[in-house]
Amino acid sequence: MNHRMEAVGNAYSGDNICPICHIAATSLGEHIRNAHGEEEFRRAVLEAKAGGMSDPEIGSRFGITFKQLEKFITETYGINISALEKPKKIKHWAPKDFREETATVWSFKQRGNWVTHDGKYRGNWSPYIPRNLILKYSKPGDVVLDYFVGGGTTAVEAKLLGRRCIARDINPACIGLTSGNLDFRLPETFLGELSTCEPEVLVGDARDLSDLSNNSIDLICAHPPYAGIISYSSKVEGDLLKLGIEEFLQEIQKVAKESYRVLKPGRKCAILIGDTRQ
Ligand SMILES: C[S@@+](CC[C@H](N)C(=O)[O-])C[C@H]1O[C@@H](n2cnc3c(N)ncnc32)[C@H](O)[C@@H]1O
């Protein structure tokens, strides 16, 4: 989420050959836009991205900023992801040398890339966060609810730790991403005595959990959108990301009310929320 890039110049170079008509252009972005139109321009940018070109290279080649690139990706794929290629093969099933957090400030050296975790979904949280929460506040077989599941980080951790999980998100593209990230089979002996619990993954609105009974959830892991910070990134009806602060606060109250209703007495709801800048 911290990448920053400004468009850099477009001086003529061998890289400025138009991928559509193959002529050399002094300003490739301008040329594609003028000669082939906006749609072709966007296609050329996304093809470069899918082909593995780095973001700074794309910026330099097509004369766009990092924010414009994010906007193209989000509008085309319905989700703000940083890589368009297929997920990698699983190399590790758990974080190396993991130790549960014991202090009131949590800090992680890496964001974590075991199993299918990666930073591809730009709004995701480090898997160390749900791992710590789940270990600290639930036991095997408990039900963990994440109604802002995004790319599925919590659901993946719940599956790895033998917890049942109800995973929801308002954005169908996120639910697709979550299902993809959960598409792995645990090694036979991984959970010992426990059996694998496949998370229940559904499109849903966190403000309305009416299909869940009162006092039925053991732990809620909630990572809501940060009110309006990236306002262009969603066209999905009901996405709280689109709201200004006042409206966001009103709507998040509905989530809080529902959370209180479905949570078993004495159990925990953990919330991660970022700063909002004005
Ligand atoms: C900060 S992201 C959560 C990311 C997640 N922790 C992860 O690791 O991928 C917030 C998510 O809330 C979802 N969202 C926004 N409004 C919602 C709503 N009303 N109900 C359910 N999900 C919503 C967005 O689609 C987004 O995926």
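Let me start at the ligand: a polar side-chain atom of Asp205 lies 3.1 Å from one of the ligand's nitrogen atoms. That is a polar contact, meaning a pair of N or O atoms within 3.5 Å; within protein, one must be able to donate a hydrogen and the other to accept it, and residues adjacent in sequence count only if both atoms are side-chain atoms.

This is a predicted model, where local features need pLDDT of at least 70, side-chain atom pairs count only at pLDDT 80 or more, and totals for chains, interfaces and linings use all residues. Residues are numbered from 1 along each chain as its sequence is written, and side-chain values use heavy atoms, with hydrogens and water left out.

Two further contacts. Asp169 places a polar side-chain atom 2.6 Å from an oxygen atom of the ligand. In the side chain of His223, an N or O atom is 2.9 Å from a ligand nitrogen.

Now the sheet. Five strands form an open sheet, ordered S3-S2-S1-S4-S5, with parallel pairing. Strands (E, at least two residues) and helices (H or I, at least four) are DSSP runs, numbered from the N terminus, and two strands pair if DSSP finds at least two bridges between them. Which strands stand at the edges? They are S3 (200–203) and S5 (263–271); each has a single partner strand, so one side of each is left without a neighbour in the sheet.

Further in, S1 (residues 143–146) and S2 (residues 164–169) pair in the parallel sense over four bridges. Leu145 stands opposite Ile166 in S2.

Last, a helix. H7 (residues 172–181) lies across S2 and S3, at about 160° to S3. Angles run from 0 to 180 degrees between N-to-C directions, with axes fitted to C-alpha atoms, for helices over the stretch in contact; contact means heavy atoms within 4.5 Å.
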